[in-house]
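Hello,

Here is the structure I said I would pass on. My notes follow below it.

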Amino acid sequence: MSKNITILGSTGSIGVQSLDVAERSGFGVTAITAHSSVKTLEEQIRRFKPALAALADEAAAADLRVRAADTSTKILGGEEGVCECATAPGADTVVDAIVGLAGLRPALCAINAKKDLALANKEALVAGGHLVLDAVRENGVRLLPVDSEHSAIFQCLQASPPNKALKKLILTASGGPFFGKTKEQLQNVTAADALKHPTWDMGAKITIDSASMFNKGLELIEAHFLFGVAPENIDILVHRESIIHSMVEFDDNSVLAQLGVSDMRIPIQYALTYPERFPSPVRELDLSEVASLSFYKPDYETFDCLNICKEAIGKGGLYPAAVNSANEEANLLFRQGKIGFLELPKLIRTVFAVTPENKIYSLSDVYETDKAARAAVLANM
Ligand code: NAD
Ligand code: MG
């Protein structure tokens, strides 16, 4: 299989692992982008020799242009530059590994340029679900999940004709560093405590989302959009070992699961080689070493972020966008030590009162909602 890929967010956790998969698979790299990591992007330019590269931060892009002047890579800046990379000719698949709503517009640019989209950036799908799905349909491209749970479901669904007799999805969750803790015990936890994830090594934002379980709420909404399953038919199951990455249940109560060691290069590679499978960069799963797998019901009382996301997708329209943006703001405030852990759900909940009810929305509606949600969080802190 000869293939060229573009990686948006190439300096992050998923981005770096995507470059590793591309290199091992012999795929060409057409374009790479990041926010402002000049040094890492320069190293990646020298190693992968993309035709285009962009930094969303204009000043950082200007700096990179000087540092990489001796290379043949064209350096672009700003969100425009990131979008130009997303549409760069030659790439078959674009990996969207940008964190947050910032990945939505580039995702739409890639789809509209008829690229298959390997999506790690769940916030884009949560905030702009209908926009992304409509664009995918109109352009006849593939939307390939990178998130491990969604890759697991996607893999399990290969066993049945398109979603036939599909009864429910079972999203597994590690439970994060605060599994089993009471609200009282969570009163004074810090960002440093929350950043100690038991099974996955990820970027800071998603690691905090895993601690608050907002990540699993985002993933429920993501699964709803990706697989067309009603939110009430998506169960969440805490599974501490992160070996079963998710499951599907059919009408005959047969359950299929996808298992593997917790390494994102397995789902990244599957998104890039689908429908083929390549030899793995990751070791084999040794279940005798794992010995036992444990499962628990989530604690909805302590981790209110799960309820918030369920309520948001139940209301539909711009509500998922609103809670996503409120969480982005609150997550940052928590990382900066400006709010406590238990304030996260309280602040996010304030956006329910300021979100418009319309079911049909445009990209500019999503951005307006983003602004209003962030303002609501800041006004209530
Ligand atoms: P990260 O913080 O490690 O990397 C984010 C990347 O996005 C960086 O390259 C950064 O430069 C770029 N970026 C940040 N802000 C930007 C902006 N405004 N404009 C353009 N680029 C910007 O994050 P990550 O952990 O790699 O996560 C990326 C996405 O993948 C997130 O949506 C996350 O939820 C999802 N995801 C991550 C993992 C994981 O294991 N890390 C697993 C599943 C899903
Ligand atoms: Mg996940």
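**Magnesium site and sheet**

Glutamate 219 is buried, at 1% relative accessibility, under the 20% cut-off used for that word. Please keep in mind that this is a predicted model.

Glu219 is one of the residues that coordinate the magnesium ion (ligand 2): the donors are Asp147 (OD), Glu149 (OE) and Glu219 (OE), at 2.1 to 2.2 Å. Along the chain, these donors of the ion follow the spacing D-x1-E-x69-E. Distant parts of the chain are linked in this way, since aspartate 147 lies in the loop between β7 (143-145) and α8 (148-157), while glutamate 219 belongs to helix α12 (residues 214-227), 72 residues apart. Aspartate 147 is also buried, with a relative accessible area of 8%.

The other item is the sheet. It is open, has seven strands with parallel pairing, and runs in the order β4-β3-β2-β1-β5-β6-β7. β4 (74-77) and β7 are at the edges with a single partner strand each, so one side of each has no neighbour in the sheet. On average, neighbouring strands of this sheet are turned by 20° against each other, direction ignored.

Leucine 119 has proline 145 in β7 as its bridge partner.

Helix α4 (residues 78-86) packs on the sheet and touches β1 (4-8), β2 (28-34), β3 (52-55), β4 and β5 (93-96). The direction of helix α4 makes about 130° with that of β4.

Regards

Note on methods
Residues numbered from 1 in each chain as written. Chains lettered and ligands numbered in written order. Predicted model: local features only at pLDDT ≥ 70, side-chain atom pairs only at ≥ 80, totals over all residues. Heavy atoms only, no water. Donors = N, O, S within 2.8 Å, 3.2 Å for Na, K, Ca; no water. Helix = DSSP H or I, 4+ residues; strand = E, 2+ residues; numbered from the N terminus. Buried < 20%, exposed > 50% of the residue type's maximum accessible area, 1.4 Å probe, protein only. Pairing = 2+ DSSP bridges. Axes fitted to C-alpha atoms, helices over the stretch in contact; angles between N-to-C directions. Contact = heavy atoms within 4.5 Å.
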